[in-house]
Amino acid sequence: MLPHRQSHSQTANRNVIRDDKHAVAVATALSEQYALEARQRDEQRIPPDVEMSLFAKSGLLGCTLPAEYGGADIAVSTLVDIVRLISIADPSIGQIPVTHFGAINTLKTLGAEPQKRRYFERVMAGERFGSATSERDTRHARDIKTTLQAKGDSYLLNGTKYYCTGAQFSDWLQVLALDEEGHLARVFVQTHSEGVTLHNDWTGFGQRVTGSGSVSFDQVVLEASQILPAHTLYDDQLSLQGAFVQILHAAIDAGIAEAALKDTQSFIKSRSRPWIDSGKETAGEDPYIVSAIGLLSVRYKAARALLSRAAEKLDALTTQRVTSKMAADISVAVAEARILTTQIALDASQKLFELAGTSSALGHLGFDRHWRNARTHTLHDPIRWKYKIVGNYWLNNEYPQRHSFI
C-alpha cells in the first residue's frame with residue numbers, strides 16, 4: 001500500500017512548450033536522459049519518480065492544451081512522435097502520460113467551460129492525470145462494478161480498479177463508474193482524497209515501472225464538477241476518443257520495436273560471430289542475418305508509415321465536421337497501425353536473440369526487457385479483433401463500434 005502523497009505539481013522552474021518543434025526537441029532530450037538507467041529501473045523495479053518530475057518540468061504535460069488555456073495545441077502526429085521517442089528509451093515512462101493526454105482529450109470533448117478552466121489550469125501548473133478504469137473478474141472490459149451514488153449535493157464513489165497506469169505518479173485519477181441510472185461516468189479524483197488507497201501491487205513481467213497497481217475507493221466524496229458524462233462519449237457514433245488513445249498505444253509499440261532493432265544491429269556489429277558455414281568474417285556479412293535485418297527494417301518502416309498516416313487523418317479533422325464515415329475511416333486506419341506496430345514490436349524483440357546469438361541473452365545486457373515490454377503492452381486489447389474490424393470495413397463496408405478500444 002502506498003501512503004498518500006502531496007501534490008506532484010510542486011515543481012519549480014517548469015518549462016512551457018511553445019510549438020510542435022519545441023515539443024519534439026524537449027522529448028528527444030528527455031528520451032536520451034531516460035535511456036541512461038532504463039535497464040536498471042526495469043531490473044530493480046525502481047519507480048521513475050525523478051523521471052516523471054522531469055517530464056512535468058519539461059512542460060510536455062500541457063503541450064496538447066488549446067492555446068487559450070496556455071497550451072501549445074500540438075498536432076496528434078507530434079504527440080505520437082513524443083510518445084514514440086520516450087518509449088524508445090523506456091516504454092514504461094512512455095505509457096504513463098498516455099492516460100494524462102487521454103484525460104485532456106476527454107475534457108476537450110465533454111468538459112463544460114468551468115471544468116476546462118479548472119483542470120487545464122492545474123495541468124499547466126504541473127499536475128498529472130493517471131488511470132483507474134479497468135476492473136477484474138467481470139464479464140468483459142466494459143462491465144463496470146464501481147458505483148457513483150448521489151448523496152445530497154455530493155456523490156460517493158465506491159469500488160476497486162486494477163492496472164491503474166501511472167496512478168502512483170499522479171495528482172488525479174480518471175475513474176470509470178456507473179451512476180444510479182446505469183450510465184457510464186468519468187470521474188476525476190485527487191489521489192490524496194480521503195477514502196482513496198493506492199496499492200503498489202503490479203507484478204507484470206514487462207512494463208514493470210508503469211505504476212500500474214490497483215486503487216480502491218471507499219466512500220470517496222465528490223462534487224458534480226468532478227464528473228463527466230462518459231456514456232455520451234461512447235454512445236456518440238462520431239466520437240474519436242478511442243482512436244486518439246489507441247494511436248498513442250501504437251506509438252509505444254513502435255518505440256519498443258525501434259529500441260530492439262537498434263540493440264540488435266549494434267550487438268551484431270560489435271559482438272556477434274558469423275556462423276561457421278557462412279564463410280564470412282563478421283556476423284554483419286552473414287547473408288541470413290543481413291536478410292532478416294532487411295525484412296525487419298522494411299516491416300518497421302511500414303508500421304511507422306501506417307502510424308503516420310493514421311495520425312495525419314486525426315489531425316486533418318481539427319477544422320472539419322466529423323461524419324460517421326470519417327470516424328470509421330480513422331478508427332480503421334488506427335487499427336491498421338496497431339496491427340503492424342504490435343507485430344513488429346513482438347518480432348523485433350524476439351528476433352534480437354536469434355540474430356545476435358547466445359551472448360545477447362546475458363542478463364547484464366537487459367535485452368530481454370524489450371520482449372517483456374512488447375509482450376505485456378500488446379496485451380491491452382486483442383489484435384485478432386482488429387483484423388476482423390479492418391476486414392469487415394473493406395469487404396462489407398461495416399463500421400466499427402465506438403469505444404475506447406477502437
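User: What are the packing angle and the distance between the axes of helix 10 and helix 11?

Analyst: In this predicted model, helix 10 (residues 324-356) and helix 11 (residues 368-377) pack at about 150 degrees, and their axes lie 8 Å apart.

User: Why are helix 10 and helix 11 called roughly antiparallel?

Analyst: Angles over 145 degrees count as roughly antiparallel. The angle here is about 150 degrees, and helix 10 and helix 11 are therefore roughly antiparallel to each other. Their crossing is left-handed.

User: Which residues of helix 10 and helix 11 meet, and what kinds of residue are they?

Analyst: From helix 10 come Arg338, Ala345, Leu346, Ser349, Gln350, Leu352 and Phe353, which meet Asp368, His370, Trp371, Ala374, Arg375 and His377 of helix 11. The residues of this contact divide into six nonpolar, four polar and three charged.

User: How do you know that the span of helix 4 agrees with its number of residues?

Analyst: Helix 4 (residues 76-89) has 14 residues, and at 1.5 Å a residue it should span 20 Å. Its end C-alpha atoms are 21 Å apart, which agrees.

User: Why is helix 4 described as largely enclosed by the rest of the structure?

Analyst: Buried means a relative accessible area under 20%. Twelve of the 14 residues of helix 4 are buried, so the helix is largely enclosed. Among the buried residues are Val76, Leu79, Ile82, Arg84 and Ala89. The elements covering the buried residues include helix 1 (20-35), helix 2 (38-44), helix 3 (49-58), helix 5 (91-110), helix 8 (241-270) and helix 9 (287-316).

User: Is Asp143 buried or exposed, and how do you know?

Analyst: The relative accessible area of Asp143 is 11%. The cut-off for buried is under 20%, so Asp143 is buried. Asp143 lies in the loop between strand 1 (129-132) and strand 2 (147-151). Not counting residues up to four places away in sequence, Asp143 touches Glu135 and Thr138.

Technical notes. Residues numbered from 1 in each chain as written. Predicted model: local features only at pLDDT ≥ 70, side-chain atom pairs only at ≥ 80, totals over all residues. Heavy atoms only, no water. Helix = DSSP H or I, 4+ residues; strand = E, 2+ residues; numbered from the N terminus. Expected span 1.5 Å × (residues − 1). Buried < 20%, exposed > 50% of the residue type's maximum accessible area, 1.4 Å probe, protein only. Contact = heavy atoms within 4.5 Å. Axes fitted to C-alpha atoms, helices over the stretch in contact; angles between N-to-C directions. Parallel < 35°, antiparallel > 145°, perpendicular 65-115°, else oblique. Left-handed = near helix turned anticlockwise from the far one by under 90°. Nonpolar A, V, L, I, M, F, W, Y, C, P; charged D, E, K, R; others polar.
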